[in-house]
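Dear colleague,

Please find below the structure that I am handing over to you. My findings follow after it, and I would be grateful if you could read them beside the model.

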Amino acid sequence: MLRSYWLSISSLLLFALIILSSVQCDENIYIQGERLYVFHCGSCHMDDGSGLKNIIPDIRNSRYLDEEIKDLPCLIRHGKQGFVVEDSIIIDMPVNYKLTEYEINNIINYLMTDWEKGPIVSITTTRNLLDECPIPDNRYGQ
Ligand code: HEC
């Protein structure tokens with residue numbers, strides 16, 4: 001009697017654990033994308049994309065995450081130069097030559113899902129877009 005009681009309690013617990021872990025996984029399937037975003041982008045644009053007033057742009061409503069999404073893979077790979085703010089501090093967005101096409105794709109899809117920006121971008125699309133902006137031979141940077 002006692003044995004079957006413990007057996008049902010432990011199977012209940014196991015069931016609850018399985019449910020809990022699957023719920024957590026469903027919340028964000030682009031965990032690698034999130035980690036890469038926090039590491040490679042969050043220090044400037046902040047984890048929520050709000051940026052640093054007058055120095056780093058707020059990217060939550062950036063056209064690169066919307067109508068110019070096709071330019072996002074190359075922007076992540078090559079960065080961006082020439083952003084001049086009022087007090088003449090010039091900061092460039094750095095290149096990311098060590099990120100693979102899969103990693104870039106995961107960052108984009110993390111932003112698409114977690115920030116609810118739009119539909120998932122396939123790896124084939126990201127790969128084709130990145131083919132148009134190859135890493136130069138004399139590569140430098142991270
Ligand atoms: C060293 C700080 C820095 C880091 C790190 C950085 N950025 Fe940027 N980012 C900038 C700056 C500065 C600009 C504006 C550049 C310009 O307009 O010349 C910018 C521009 C952008 C824009 C375009 C904003 C717009 O609408 O014009 C997007 C999108 C963006 N960054 C996304 C990212 C992503 C994704 C990452 C990580 C892979 C990243 N950035 C990493 C500083 C940074």
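**Asp114 and its surroundings**

Leaving out neighbours within four places in sequence, Asp114 is in contact with Asn28 and Glu34. Please bear in mind throughout that this is a predicted model. Asp114 belongs to helix 5. Asp114 and Ile29 are 85 residues apart along the chain, yet their C-alpha atoms are separated by 9.2 Å.

**Confidence and overall layout**

The protein chain has an average pLDDT of 86, and 83% of the residues reach at least 70. Among its elements, the lowest mean pLDDT, 67, belongs to helix 1 (residues 2-27), whereas the highest, 98, belongs to helix 6 (residues 123-131). I would ask you to keep the value for helix 1 in mind when you inspect that element.

The protein chain contains six helices and two strands. Their order from the N terminus is α-α-α-α-β-β-α-α. Of the 142 residues in the protein chain, 18% are buried. When contacts between residues at least 6 apart in sequence are considered, 55% of them join residues at least 24 apart.

**The largest nonpolar core**

The largest nonpolar core has 15 residues, and those touching the most other members are Tyr37, Leu72, Ile104, Ile107, Ile108 and Tyr110. Two or more residues of this core come from each of helix 2 (31-40), helix 4 (72-78), helix 5 (101-114) and helix 6. Helix 5 provides the largest share, five residues. Ile107 touches Gly33, Leu36, Tyr37 and Ile76, when residues up to four places away in sequence are not counted.

**Helix 5**

The buried residues of helix 5 are Ile104, Asn105, Asn106, Ile107, Ile108, Asn109, Tyr110 and Leu111. These buried residues pack against helix 2, helix 4 and helix 6.

**Helix 2**

Which residues of helix 2 are buried? They are Gly33, Leu36 and Tyr37. These residues lie on the same side of helix 2, because they cover an arc of only 105 degrees around the axis. Helix 3 (42-45) and helix 5 are among the elements that cover them. Gly33, Leu36 and Tyr37 are also among the residues that Ile107 touches.

**Two residues with positive phi**

Two loop residues deserve a separate look. Met46 is not a glycine, but its phi is positive, at about 75 degrees. Met46 is found in the loop between helix 3 and helix 4. There it counts as partly exposed, because it has 16 C-beta neighbours inside 10 Å.

Glu116, which follows helix 5, is likewise a residue other than glycine with a positive phi, near 50 degrees. Its place is the loop between helix 5 and helix 6. Is Glu116 buried or exposed? Glu116 counts as exposed, because it has 7 C-beta neighbours inside 10 Å and the limit for an exposed residue is 12 or fewer.

With kind regards

Definitions and conventions:
Residues numbered from 1 in each chain as written. Predicted model: local features only at pLDDT ≥ 70, side-chain atom pairs only at ≥ 80, totals over all residues. pLDDT = per-residue confidence, 0-100. Helix = DSSP H or I, 4+ residues; strand = E, 2+ residues; numbered from the N terminus. Core = buried A, V, L, I, M, F, W, Y, C linked by C-beta atoms within 7 Å. Buried ≥ 20, exposed ≤ 12 C-beta atoms within 10 Å, placed from the backbone. Contact = placed C-beta atoms within 7 Å. Arc of directions from axis to C-beta.
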